[in-house]
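Hi,

Here is the structure I promised to pass on. Please have a look at it first, and then read my notes below.

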Amino acid sequence: MEIFQDVVCPVCGCLCDDIEVNVENNKIVKARNACAMGTTKFLNYNADRISVPMIKDNGVQKPVSLEDSIGRASEVLVNAKYPLIYGLSLSSCESVKVALELTEEIGGVLDNQTSVCHGPGVQGLHDIGESTGSLGEIRHRADLIVVWGANLQEAHPRHMERYSYTSKGRFRNGKDDRKLIVIDVRNTLTAKSADKFVQIEQGKDFEFANALRTALNQEQIQKNQVAGVPVEEIEDLAEILRSCEFGVIFFGQGVTQTNGKGRNIDGLFSLTRDLNSWTKFLIMPARGHFNVTGVNQVSTWQTGFPYGIDFSQGYPWYNPGETTIIDIIRRGENDATLVIGSDPIAHFPPAISKRLTSNPIIAIDPAHSMTTMVADVIIPSSFAGIEYEGIAYRMDGVALPLKKLVNEPNNTKSDEVVLKMILEKVRDIKRRN
Amino acid sequence: MQDIIIKNGTIFDPINNIDGEVMDIALSNGKIVDRVNESKALVIDATNKIVLPGGVDIHSHIAGPKVNMGRLMRAEDHYRNLKPKTDVKRSGVGTSCPSTFTTGYEYSEMGYTTVFEPANPPLKMLHVIDEFNDTPMIDKACYPLFGSNWHVMEYLHDNKEDELAAYIAWTLRSVKGYACKLVNPGGVEAWKWGGDAEGLDRAIGNFGVTPREIVKGMCKAVQRLNLPHSIHIHANNLGMPGNYETSIKTLDSMREFAKDGKPIAHLTHVQFNAYGGSNWMNINSGAEHISDYINNNDHVSIDLGQIVFSDTTTMTADGPFEFKLQALTGNRWINADIEAETGCGIVPIKYKKSNYIHAIMWVTGLETALMIDDPWKVCMTTDHPNGGYFTTYPKVITWLMSQKARQKYMEKVNKRAKSRTALESLDREYSFSEVIISTRAGPAKLLGLNNKGHLGVGADADVAVYNIDLKKVDPAIQYWKVRKALRRADYTIKDGEIVVKDGEVVKSVPGRSYWVDSKVSNDLAESVESELREKFKDYYTIQMSNYIIAENKIVNSSPITVQAEV
């Protein structure tokens, strides 16, 4: 049996790197320290694998050689006028680099799960900036933790133990030294474990953030209640926020994907900025996929932009709402789509998914999904952080090395390798044309 | 690789005492050589052109988490410079925070071949390396931050000098750093509770050491480790009126650690550290005091951090400074604190000629450069992007070379600032040789890069050729011709290959990543490492094995090994 220490868990944005993995005969048999989500992936990742490349022929997906699938995928991409490349949040940064080069080569658009997730948070950052830090700062110093529109307990199970509420740091000895406030529309599991739960009306995050700012800046709120919360309670909350020693807000899609989107984040970032006139306060997004942050990082340093990057004019261009995947599909502008490790058919609004299927879809994925079921070309790939190594970025931007624990199945390659093969083939076809 | 011979160029090579002589330079196998077989070599005709060593930038924020946060915030900045893909170039964007490929290309097109990134948290060095791998054309390295590092402060508090030295050696080796950077020593730790350092001699809360003790302790450690570069220091109180006094006190506390006539202190972006006055109304240039100190002390070198009137982005590990700047300007603000190590702040800024303070800043940088007698102590930088973009270097160079160029600008700046400066009376004009010293030979020497900054036999074949005919052009008078020529090199040669021709990249090369491995005694190294292993899980949120960067993550890894005296 082989034992791997300090393995980075390739599931959520916490990227816990203290996992001990036991491997027997190329099979993972145990994953110590991992949460339920991590354990499930380490032990069951291999279920439901795609075993062979396939190409749709007269409406039926038929097995083909890897070369043929790469060839067909490349032809589709070269012939497309405005192809989309989407996904990558479960890939290594090395794969992202190849995907960017490929998108540049074919003059397409590279978009990522950020677009339908924490993208509005980035727009808030363009507008206001962000007072943030690494997760260890929270662990060592925070005496007030606010979770806003996020459910850490269920989506990031080890977040509190490793980085926040119950973690032990240099200046804080666990939850007795901290206060947890949850602001949410629902009484989630996280809300249930909080010292204080503030339930607000759905879609009122922007108003609520601004009411808090009003109270904080010692102005009169001209209403009896905001977002369903009485003014007195808002004023009390503002007092709690400003009188802590070191506070932090973690926010989730409850804020980024509800009414107001980017404006909500403007509100939250501005609130954090105002709080720094009183005390020390940070804010950070609780990012979902394990390397969604990495896709944003690599895209930003290579192109200047974090997602929704349009290369159709030869140079990178970015305008969320114009160059983002849902909007492009809704306008019916794309004529081919390459999906890497994602399932847009299952997750996008039905009308968008339907429209997506009216053009060729190429899917690179280790496992079956709704998207692979309708794809015209399917190329199996291996799992980053289990079957191939690379770099991933934690939700606070700390880069960590993913490990290779087991060999990939025969005839299966990493998406990094698959994308390189497509890129080479695309260049080959373009040279010949 | 084909040999190259550059014929009939006007050579400037101050290290080898060549000052504008017409000579041939031969290149073979990536090195400068005595001679090559002329019949087989590629000949570059450099008649009526100047031939220089490739540019060496000692301080430019080009990569890492801070720069990337700047890129992310300043999407609007990118739209001013959109670079399409070509047959040899990747696409890119950006002016104050350019994308990585564009950074490499634009430096190379300007004749620069070596650029060092001056400030990143050790915890995030894997990110820096990852960006270096995507920054082509230039050799790179990074100075990790140590000024508010918990381990450093604890070792100093406990008087463990040997352990401190060994810890620094371990960190540089583990995260692939090149030199030690101090930013607002102690002040960044204080900022994590919303405070700042208060003078050089007040202890930092929870750690019981003062900024002065941090500076001195680090000097001693760096000196014992025999690192190729000195302490790279951004002093306390940066950006504040009257701060020249803090800078001089800081430098003075470092003097005793210099040895063998080598500097122990590199006071970086001196312009931001050199103000007189007592408030924002009467702030003025403290250049006279700073330059006087540097003229009389050989343990100090500086780089300028000259400001150029433009819309740019300030970014520094000095979190408390950026907090003040956002309060002052009301501009967007990023803050990013890093556990157990350091912090970061980013604020966009528009330096305006009409603004009194900005005009004083402009004057302060130039006065300092002109008042320091020895050009070997002065590196030309803009602290990119803090003072201005690196692409404005030719402009700064012409200000140094031409009183006429300065005076022309002087007419446009804030009148009150103009009335309070001695700049107009300074008639010094840098000679070409002095410019080469402050942009090539000087920085290479200060960084301990013996194969760079000169054109002697055995040097790296990093060469730049510019279309300046010194028989026809007097830089003091036709300064705009010099500026134009320096912006786009006729040829840039990197490691013996032509990579830029007529100001355009013609070949993409990856460039090296340097880092320093200082060997301390085995026993000490082992005991410090096992002590670190104990502390690591209490200090950090990642495992120690994942903090150490494997060499195979680095494209063209180039370690420099030195023997420590501990």
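How far apart do the C-alpha centres of domain 1 of chain A and domain 3 of chain A lie? The answer is 31 Å. Before more of that, a word on the ground rules. This is a predicted model, in which local features need pLDDT of at least 70 and side-chain atom pairs count only at pLDDT 80 or more, while totals for chains, interfaces and linings use all residues. Residues are numbered from 1 along each chain as its sequence is written, and chains are lettered from A and ligands numbered from 1 in the order in which they are written.

**Domains of chain A**

Chain A is divided into domain 1 (2-43), domain 2 (50-117 + 290-432) and domain 3 (119-285); the bounds come from an automatic or database domain assignment. Between domain 1 and domain 3 of chain A, the contact takes seven residues from domain 1 and six residues from domain 3 (two residues are in contact if their C-beta atoms, placed from the backbone, lie within 7 Å). On the domain 1 side, six of these residues are nonpolar, one is polar and none is charged. In this scheme Ala, Val, Leu, Ile, Met, Phe, Trp, Tyr, Cys and Pro count as nonpolar, Asp, Glu, Lys and Arg as charged, and the others, Gly among them, as polar.

**Two sheets in chain A**

An open sheet of nine strands in chain A has the order 5-4-20-19-18-6-7-16-17, with mixed pairing. Strand 5 (60-63) and strand 17 (317-318) of chain A each have a single partner strand, so one side of each is left without a neighbour in the sheet. Helices (H or I, at least four residues) and strands (E, at least two) are DSSP runs, numbered from the N terminus, and two strands pair if DSSP finds at least two bridges between them. Within this sheet, strand 19 (residues 361-365) and strand 20 (residues 377-380) of chain A run parallel and are joined by four bridges; A:Asp365 has A:Pro380 as its bridge partner in strand 20 of chain A. Helix 3 of chain A packs on the sheet, where it touches strand 6 (84-87), strand 7 (109-111) and strand 18 (337-340) of chain A, and its direction makes about 150° with that of strand 7 of chain A. Axes here are lines fitted to C-alpha atoms, for helices over the stretch in contact, and angles run from 0 to 180 degrees between N-to-C directions.

Five strands of chain A form another open sheet, in the order 11-10-9-14-15, and here the pairing is parallel. Strand 11 (196-199) and strand 15 (280-285) of chain A are its edge strands. Five bridges join strand 9 (residues 144-148) to strand 14 (residues 246-251) of chain A, and A:Trp148 has A:Phe251 as its bridge partner. Helix 12 (residues 262-275) of chain A packs on this sheet, touching strand 9, strand 14 and strand 15 of chain A.

**Helix pairs**

The axes of helix 3 (residues 93-106) and helix 18 (residues 415-432) of chain A come within 9 Å and cross at roughly 20°. That makes helix 3 of chain A roughly parallel to helix 18 of chain A (angles under 35 degrees count as roughly parallel, over 145 as roughly antiparallel, 65 to 115 as roughly perpendicular and the rest as oblique). Their contact has eight nonpolar, one polar and seven charged residues.

In chain B, helix 5 (residues 150-157) and helix 8 (residues 211-225) pack at an angle of about 90°, with their axes 10 Å apart. This makes helix 5 of chain B roughly perpendicular to helix 8 of chain B. B:Val152, B:Met153 and B:Leu156 of helix 5 meet B:Glu213, B:Ile214, B:Gly217 and B:Met218 of helix 8.

**Where the chains meet**

Chain B has 46 residues in contact with 48 residues of chain A. Helix 1 of chain B gives the largest share of chain B's side, five residues. By class, that side has 20 nonpolar, 14 polar and twelve charged residues. The bridge partner of A:Thr132 in strand 18 of chain B is B:Ala336.

Best wishes
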